[in-house]
Amino acid sequence: MLFSKSRSCYATKVTHTLFDMDSVGFSTLRFDKKFGYAELETYAKDLRFISSKPVTKARRKYVGVVNILDHKYLVYFRYRENKKENTHERVSLYAMKMDSTGACIESDSIELIPPFEMRSNYYRGNFATSPDLSRIVVYDFEEEGDIPGVDNLTNFITVRVFDVNFKLLWKRKVNLSPSGSAKRTVSIKKLSIDNQGRVIILTDVFKNHRTYNLREPTADPTIFIVGQQPNDFFLFKPKLGNYFFNQQDFKFDKKGDIIWYGFYSEQKYYQQRGYFYLKIKQDLSAIQHKKVKPFSDSLMLDLLHRKKAKPNMELRSYKLVDSRLTKDNHFIFTAELQPPSNYNVRSNDILLIHLDDSGDLVWSTSIYKHADESSKLNVFLSHWITIDTIGNTYVLHNEGVYADDHAVLTRISPEGRQRRKRIFNYLNQGNLLCPRLSFRVNDDQIFICRQDKFFTTYDYGLLNLSLFFED
């Protein structure tokens, strides 16, 4: 395994994205902790550092990088902070086109959201790209942020759809509240856009009580699908039973169908009895598959570290982390035990679920991963997965971050058999693996990032999957 020489962090801290990679070398785009400064680093093929330079002269509130076919854009907010009134004035959103070297010309910035006065600190906005990278949606809304445990609570959301050149195709402000009430009742979980340019919004719609703390289901999981015309407004509810649905997400499969998945409980919103799976046809004509399946007793005993099953046994505090599609359109998703912040354990066992194209279980398994770290070390926790061309699933994670700990790569065969190997040890307390900052760069190689836990140095590496498990 080849690693670049460790470099010192000054302006850029811990956040990066792989900007470009070819036969000559690669470049990374690094930000500071507050996303106010952006810098591009260039490396040779042998991971030797060549140069670094600021992307722009001005400091901005950067959102991230948009990849649209052959073009890359740096998206950023601009605003004026009024500290006396605790508000933000003339808030606006822009995209700057980046050339092949990563340079930006600020005079070429494209206005995505015109300047407006933000009277609430609970304003939210972001972007998403379609699977074929032909469309981008930019959205914003103002949430009611005073309800503990309920995020992104709103009724109205504004969506703007752009083409590959950031030409505005259409814009709509839609009311997601079924009753039309002034009280905000919709919690937005995720927003994306499909290849047809329709905006997909995953939500919880609250009934009578806007909370997840009652002993009865209080919200209906709902997917809204919004198009350009006023009558292009659809919604789907799972209608899977009176369960506590939690940890929802969705993904487009290779045919453009919407895979809607997550966990359910028979007792509480923060517990997991099993998984649910729906597939909405790409033409929106029907829900093609519906599944609600409990976890097996053997899986739950593994994850609960018990020897004997008990009535009404459920998992607790598992959160969705990652998902991938296989070559034959199977679906693999993962979750990880992440208790509330007042618990000692911050991150622990990993749960993996492999489903076929209809949502039926192929295999499920667990990986024990102990890491009792503070929240400031979250960059080293969690995990990342990828799937090779013959259907093996690889899970990249740390077994803690202390001197007697190590980084691990686990391979799971298409039949669910595990094999684990250490990538490197932390005996000398060098740079530690940052699993979520990993990228698949070709069929065999994973681009990985390491960072020391004091956030002063970092380096990059290439891990060859086929060679790593060759013996």
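User: Is Ser382 buried or exposed?
Analyst: In this predicted model, Ser382 is buried, with a relative accessible area of 11%.

User: And where does Ser382 sit?
Analyst: Ser382 is in the loop between β29 (361-367) and β30 (383-387).

User: What about the phi of Ser382?
Analyst: Ser382 has a positive phi of about 65 degrees, even though it isn't a glycine. For background, most residues other than glycine have a negative phi.

User: Ok, on to Leu47. What's its phi?
Analyst: Leu47 isn't a glycine, but its phi is positive too, about 70 degrees. You'll find Leu47 in the loop between β5 (38-44) and β6 (49-54), and it is buried at 2% relative accessible area.

User: New topic: how many disulfides are there?
Analyst: The structure has zero disulfides.

User: Is Cys449 buried or exposed?
Analyst: Buried, at 0% relative accessibility. Cys104 counts as buried as well, at 13%.

User: Last one, Thr28. Which strand is it in?
Analyst: Thr28 lies in strand β4, which covers residues 25-31. Thr28 is buried, with 0% relative accessibility.

User: What does the side chain of Thr28 make a polar contact with?
Analyst: The side chain of Tyr460, at 3.3 Å. Leaving aside neighbours within four places in sequence, Thr28 is in contact with several residues, including His16, Phe19, Tyr43 and Phe447.

Key:
Residues are numbered from 1 along each chain as its sequence is written. This is a predicted model: local features need pLDDT of at least 70, side-chain atom pairs count only at pLDDT 80 or more; totals for chains, interfaces and linings use all residues. Side-chain values use heavy atoms; hydrogens and water are left out. A disulfide is a pair of cysteine sulfur atoms within 2.5 Å. Buried means under 20% relative accessible area, exposed over 50%, partly exposed in between (1.4 Å probe, protein chains only). Helices (H or I, at least four residues) and strands (E, at least two) are DSSP runs, numbered from the N terminus. A polar contact is a pair of N or O atoms within 3.5 Å; within protein, one must be able to donate a hydrogen and the other to accept it, and residues adjacent in sequence count only if both atoms are side-chain atoms. Contact means heavy atoms within 4.5 Å.
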